[in-house]
Amino acid sequence: MSSKSVSATAGSRQSSASSTGSIDPFSVAQVYYGPETDFTTHRIGNLIRTRTLSTVQTRSSTNTPDFMKSVPRRRASQDAQSLTPRKFLVDVNSTLQTLLESEDTDGNMQITIEDLGPKVLQLGTANSNGFNKFDIRGTYMLSNLLQELTLAKEYGRKSIILDEQRLSENPVSRLSRLIRTQFWDSLTRRIDASLLEIIAVDPKNRSKDQSPRIYVPPSQKEQYEYYVQEAAKRPHLNLQVEYLPESITAEFVKSLNNKPGLLALAMDHVVDEFTGQPTLRGKPFVVPGGRFNELYGWDSYMIALGLMVDGRIDLAKGILENFIFEVKHYGKILNANRSYYLCRSQPPFLTDLALKVYEKTIYDPGALELLKESFKAAIMEYKQVWMSAPRLDQESGLSCYHPDGIGIPPETEASHFVHLLMPFAEKHELPIEEFQKQYNDGIVKEPALDGYFVHDRAVRESGHDTTYRLEKRCANLATIDLNSLLYKYEVDIAHTIRTMFGDKLVLDDGSVETSAAWDRRARRRRNLIDQYLWDEEKGMYFDYDIVQKKKSNYESATTFWAMWAGCASPKQAARLVSDALPKFEEFGGLCSGTEKSRGPIGLDRPNRQWDYPYGWAPQQILAWVGLIRYGYEEDAERLVYRWLYMITKAFVDYNGIVVEKYDVTRPVDPHRVDAEYGNQGSDFKGVAKEGFGWVNASYTFGLTLITSHARRALGACTPPGLFYASQSTYV
C-alpha cells in the first residue's frame, strides 16, 4: 500500500459510513458487524445491485449462503476486473468451518505460517451475488479472514458483506488501527458498577477464598458505601467490601494472603444518566493484559505514551489521577492495586507522566491544578519511599529497590518456587503446601529463605522479575535504572517549581519547596552516579553493590536509562553509543542483557525472562528517547525499525499476535518465549483483542519516530538488514 493510501485510511475509523454512504471498510467491529450493517434486514447503499432477470440460472454451492442459492443471476456481468475494491458475500458459519478445516492444520484456532494448508480459499463477490469467485491467498489474508469471521460470529451475524480491503490492509495500518480502536478499549478498566464483574476477577488469586474483594482507604466513606450498595445489587458476585486500617504494615499485608482483593482507586462525582441521581464513577485506567488485570506502575507510564499518540488523553489523565490517589492513600505508586502489592512500588515515572499529560491538556480547565497535585504527590513519594529506609543507602547516598514484606509472594504461579522450597520442605519432613503455610506463619524459621525473599520482593519492585542480574542481591544494589529515574524526578521538580509555580510550591503540610533545593539534589545524585555507577574503562553504567562495595559486572540495557534521564554527559553518551550499544543490539532491537552476563543455562539454571535473549518494550522506548535526546537519531531510528519490524512480522505470520515480550534474536517466531511465565497475549482463539499494553504503546509511539519511507518498508515486511543496506547507511 502506498503512503498516500496509508494516510487516506488513517482517518476516522469509528464512523460507519463514508461520504458516499457506503460502509467504511475500516470501521470498528461493533459498527462493521453491528445491526445497522446487516443487509438481510437493512439495505446498505448499493452493495447488492438490482438484478437483471432475463437470464435465470439456479445454482448451488457450499460457499453460497442458503438465502442466496435460488436468487436469479445477473446477465453477462463480470466484476473480476472492477476498479472498485471488491466486497465479498460470506456465510459466516460455513465459511469459518471450511477455513478452519482447510487451513488450521494444527487445530489451535489460529492460521499461521506453521499451518500446512493450501493457503487459498475462494469467496464469492457481493456484486455477483456470490457467483464470481476470488481467491483469498496467503497466511496474512487468510488469518485476517479468520479474525473477521470470528468477530462477525461473536456479534451474532450469520451472513456479512466483507470488504477485501479489510483482508489485504497494510499490516502497519491494520495493527495501528486495532491498537487505536480496539486494543485500548479492551484493556480499559474502572472500578465502578460498569465493570465490577470484570475488574474484580483476579487470575492470580490462588487462595481457597475466591470471593472478590475491594479494600477501601479508611477516609473514603463514600466509596465504601457505594461499593456496599453495588455489591448488594449483585449477590451472585459475593463481592466483599472492607476498610483498610490507618496503618498498613507488612504483617497486615501478609494476613490478607488468604483473602486478597482489589484496592480502590480514584472516583468522580457524577449524575447517573438513567436515574438522575448523584453517584460515583471510577476514573479509567488501562491494564497490561493477560493475567494482569489491574493498574500497574511503570507499565501504565509506557501505556500512557501510546495512549497520548492515539489521542486517548482521557485514559492517560485517568492513569495520572489514579497514581495521585495511590500516593495519597497507600503511600506510594503501587506495583499494582491488589492487596498483596501494598508494600511494593515500581520504577517511578510520575513527574514525566504529569508533564506529558499537562502538555496535552494545557488549555483544559484544571490542568495546572492537576500538575500541581501531581508534583506534590511526586515529592511525597520521593521522600517517603525512595529517600527513606530501607530503600536509601545512607553511605553512598543512592537508592535501592527494597520493599517491606513477609513470606512468599502470593501472586506468583503455584509452581514458581517449588524448586527453591522443596529442599526445605524435605528438611522439615513436610509436604510442600504445609511447609509454605508454616513458613509464612513464622512457625518454621529459615533465615536463608528470609534473605532470598527480601531480594525476590526487590526484584519484583524493580519491574525486572526475574533476571540473574538481580537474583539474590537486588535489595543490595543501587541500580542505574532507579537512580536515573530519581535524577529525572529531581530535575523535573526543580524545573517545574521554577517555571510553573513561581519558584514556590506549598505542600499539604504547609512546608514550601523551592527549585534551588531540588537543583542541589540533582547535582549531587549525578555526581554519585558518576562516582559509583559509571565505568570509564567499559564505557557504560553498572549497578553498585552497597554491601560488597563494588560495581556489579552484569551488562544491562538499563545503562541507557541514564541517557533518557539526561544524567549522562555528552562524552558518556558517546561512549554508550560506541561501546555499549553494539553489545545489546540484536535482530529485533535491544536485548535486556548480554549473553556473557547471563551465563550458561540448563536444567539446573533455567533462563530468566529479563535476560538474554529477550527484549522488552520499556527498554526499547527509553533507549530510543535517550538516543534522540543526545542527537543519535540514526541509531534510534534503526533500533525502532528493528523492534517494529519484529512485531509486524510476527503479527503478519502468526494470526495478529502481539505479546508481552519477544526473543529479539529470532527472526521467524520471536513471540515464542518459554522462560518462566511464558508469554502473555498469545492465548487467544481466532482473534487477538488486546495485544499487550506496553507493546501496543511501543508500536504506536515508535511509528512517530521513523520516516514515511521506513514505515512503507515496514508495511512490506522488509527485514532491517535489507532495508538499511538499500539506503547504504547501515548493513
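Residues are numbered from 1 along each chain as its sequence is written. In this predicted model, local features need pLDDT of at least 70 and side-chain atom pairs count only at pLDDT 80 or more, while totals for chains, interfaces and linings use all residues, and side-chain values use heavy atoms, with hydrogens and water left out.

Helices (H or I, at least four residues) and strands (E, at least two) are DSSP runs, numbered from the N terminus. The axes of α11 (residues 313-330) and α13 (residues 367-386) come within 9 Å and cross at roughly 45 degrees, with axes taken as lines fitted to C-alpha atoms over the stretch in contact and angles running from 0 to 180 degrees between N-to-C directions. The two helices α11 and α13 are therefore oblique to each other, a term for angles that are not under 35 degrees (roughly parallel), over 145 (roughly antiparallel) or 65 to 115 (roughly perpendicular).

Strand β4 (residues 159-163) is mostly covered, since 5 of its 5 residues are buried, meaning under 20% relative accessible area with a 1.4 Å probe, protein chains only. Ser159, Ile161 and Asp163 point one way from β4, and Ile160 and Leu162 the other way.

Two strands pair if DSSP finds at least two bridges between them, and the table gives two such pairs.

| Strands | Bridges | Sense |
|---|---|---|
| β1 (residues 87-91) and β4 | 5 bridges | antiparallel |
| β17 (residues 544-545) and β18 | 2 bridges | antiparallel |

Asp91 stands opposite Ser159 in β4, and Tyr544 has Lys551 of β18 as its bridge partner.

Terms used
Buried < 20%, exposed > 50% of the residue type's maximum accessible area, 1.4 Å probe, protein only.
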